[in-house]
Amino acid sequence: MLKYTFDWSIVTSGKYFEWLVSGLKVTLELSVVGIVCAFILGLLIAVLKMSHYRPVRWIATAYLEFFRNTPLLVQIFFWYFGSYKVLPAAVNEWLNSTNFEFAAAAIALTIYTSAFIAEDIRSGILSIPKEQMEAARSAGFSYLRSMQYIILPQAVRITIPPLVNQFLNLAKNSSLAMSIGVMELTYQARQVESYTFKGFEAFTAATVVYLGLSVVITALMDLYNKKVLNPQRA
Amino acid sequence: MEEALNFQVIIDNFTYFMIGRYPNGPLGGLGLTMYLAVVSCVLSFFGGMILGLLSLSRYAVIRHPVNLFINAVRGIPLLMVIFWMYFLLPALMGKTVPEATTVIMGLTIFTSAYMSQIVRAGIQGIPKGQTEAAISTGLKPWQAMLYIVLPQGLRNMIPSFVNQFVSLIKDTSLAFIVGVSELTHVGTQINNRTMAFPTEIFIFIAAVYFVLCFAFTSFSRWLEGRLAWRKSI
């Protein structure tokens with residue numbers, strides 16, 4: 001049926017191999033920058049969402065609902081094409097002086113992911129019995145210090161597995177950055193395909209890399225679950 | 001520079017955003033988005049059901065390859081799945097395949113893998129005693145699954161299915177990349193034509209998706225509450 005000769009050498013060495021490697025590098029850069037920023041932003045939103053003041057809670061809820069219920073691709077397009085009209089001039093200047101495609105994709109991925117991370121962090125904090133807070137407060141810690149020394153250290157331990165999951169989602173979602181010309185892994189696979197017509201090899205290589213990434217990280221997470229989260233069961 | 005927003009471009013192109021050139025041409029815009037989402041959702045409901053049941057099979061020869069497939073699909077980006085379809089389908093069928101079909105196939109395979117996890121969890125959430133009781137009344141294992149376990153499990157799965165449908169609506173935006181003229185694609189088209197209003201256009205499109213997805217998310221939460229309430233009495 002098919003007359004197709006496989007040529008795996010194009011994706012295992014030479015120019016096209018280097019393209020794919022550089023693509024993987026950009027994917028990892030986007031993912032790492034994204035997860036760090038999204039964690040910080042997500043933590044902030046989670047804290048706002050648990051505030052005692054209704055308007056503050058309301059703002060956090062609006063943020064969460066809006067960014068979770070719109071497609072990431074549309075958010076990427078908004079930051080790439082449309083953000084210049086709503087951002088202050090100084091920010092625009094700074095963004096244009098950087099690699100703008102990368103910056104727009106990183107901003108979109110950060111904000112999108114932060115909305116998911118905020119919920120993970122919030123449920124991590126809520127899973128700590130409230131007696132912990134009461135005990136800390138009656139021992140003389142202020143609210144912030146109780147959070148800092150008693151609640152958050154425990155909550156972060158529980159939140160790490162869902163965070164790692166979000167990191168994997170982020171790595172996969174970063175493939176959408178190709179639509180605005182960020183040369184990440186999927187972009188490079190596409191590029192190799194259009195230069196060589198060896199689509200099967202190019203997409204297999206990219207698929208294997210994505211799978212490898214998730215297999216390695218999932219294995220590390222299992223180790224973490226066994227060693228840190230439930231050491232008594234090991 | 002900060003500029004004032006002018007939403008006239010949305011009003012001028014409103015029907016194009018909603019239904020494309022329909023009825024004088026092909027369906028596009030929001031209409032096509034909904035079409036892609038609904039068709040893929042129905043197909044992946046069955047796909048997810050089949051994969052979920054197979055992944056719980058008693059036979060390791062069936063179970064292991066199915067689980068491998070599910071985990072592989074869950075491990076790669078949706079965009080990758082769509083690209084695979086984009087060039088595998090014509091090779092397998094021996095003829096060109098319309099872009100919309102490519103996207104529907106990609107979305108279906110991707111979503112089926114996620115739906116199978118919902119089905120699995122739903123079935124595993126039904127106490128084992130139900131299956132044992134069914135089999136001891138003389139039903140065969142597949143009958144016990146089909147008539148006793150699945151109907152009860154399905155009810156618990158509904159909220160998760162609705163959430164998956166919301167993800168699907170968002171994911172249809174990827175059809176843009178292979179050139180299907182759904183809502184996101186129409187947005188970029190109008191943006192390319194008018195040049196001056198990208199902010200307005202993408203805010204509007206985001207708002208349309210938001211209204212749609214938020215409605216279904218709220219519906220799913222309401223269902224969840226109702227199911228919890230029904231269980232409590």
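**Reading the chains and their helices**

Analyst: Happy to. Let's start with a span in chain A: residues 24-221 are 82% helix and 0% strand, and their end C-alpha atoms lie 21 Å apart. Helices (H or I, at least four residues) and strands (E, at least two) are DSSP runs, numbered from the N terminus. As for the ground rules, this is a predicted model, in which local features need pLDDT of at least 70 and side-chain atom pairs count only at pLDDT 80 or more, while totals for chains, interfaces and linings use all residues. Residues are numbered from 1 along each chain as its sequence is written, and chains are lettered from A and ligands numbered from 1 in the order in which they are written.

User: What does UniProt place at residues 24-221 of chain A?

Analyst: The unreviewed entry has "domain: ABC transmembrane type-1" there. UniProt positions are given in the numbering used here, feature names are shortened, and annotations may be inferred rather than shown by experiment. For chain B, UniProt puts "domain: ABC transmembrane type-1" (also an unreviewed entry) at residues 30-220. That stretch of chain B is 83% helix and 0% strand, with end C-alpha atoms 22 Å apart.

User: How many helices and strands are there in chain A?

Analyst: Chain A has 10 helices and zero strands. Its C-alpha atoms fill a box of roughly 75 × 55 × 30 Å along the principal axes.

User: Which elements of chain B touch chain A?

Analyst: A contact means that two C-beta atoms, placed from the backbone, lie within 7 Å. The contact between the chains takes 34 residues from chain B and 32 residues from chain A. Helices H4, H5, H9 and H10 of chain B each give two or more residues to that side, and H10(B) has the largest share, 11 residues. By class, the chain B side has 23 nonpolar, eight polar and three charged residues. Here Ala, Val, Leu, Ile, Met, Phe, Trp, Tyr, Cys and Pro count as nonpolar, Asp, Glu, Lys and Arg as charged, and the others, Gly among them, as polar.

User: At what angle do H3 and H6 of chain B pack?

Analyst: Axes are lines fitted to C-alpha atoms, for helices over the stretch in contact, and angles run from 0 to 180 degrees between N-to-C directions. H3(B) and H6(B) pack at about 45°, with axes 6 Å apart. That makes H3(B) oblique to H6(B); under 35 degrees is roughly parallel, over 145 roughly antiparallel, 65 to 115 roughly perpendicular and the rest oblique.

User: Which residues make the contact between H4 and H6 of chain B?

Analyst: The axes of H4(B) and H6(B) come within 9 Å and cross at roughly 120°. H4(B) gives Ile70(B), Val73(B) and Arg74(B), while residues including Phe110(B) and Tyr114(B) come from H6(B). By class, this contact has six nonpolar, one polar and one charged residues.
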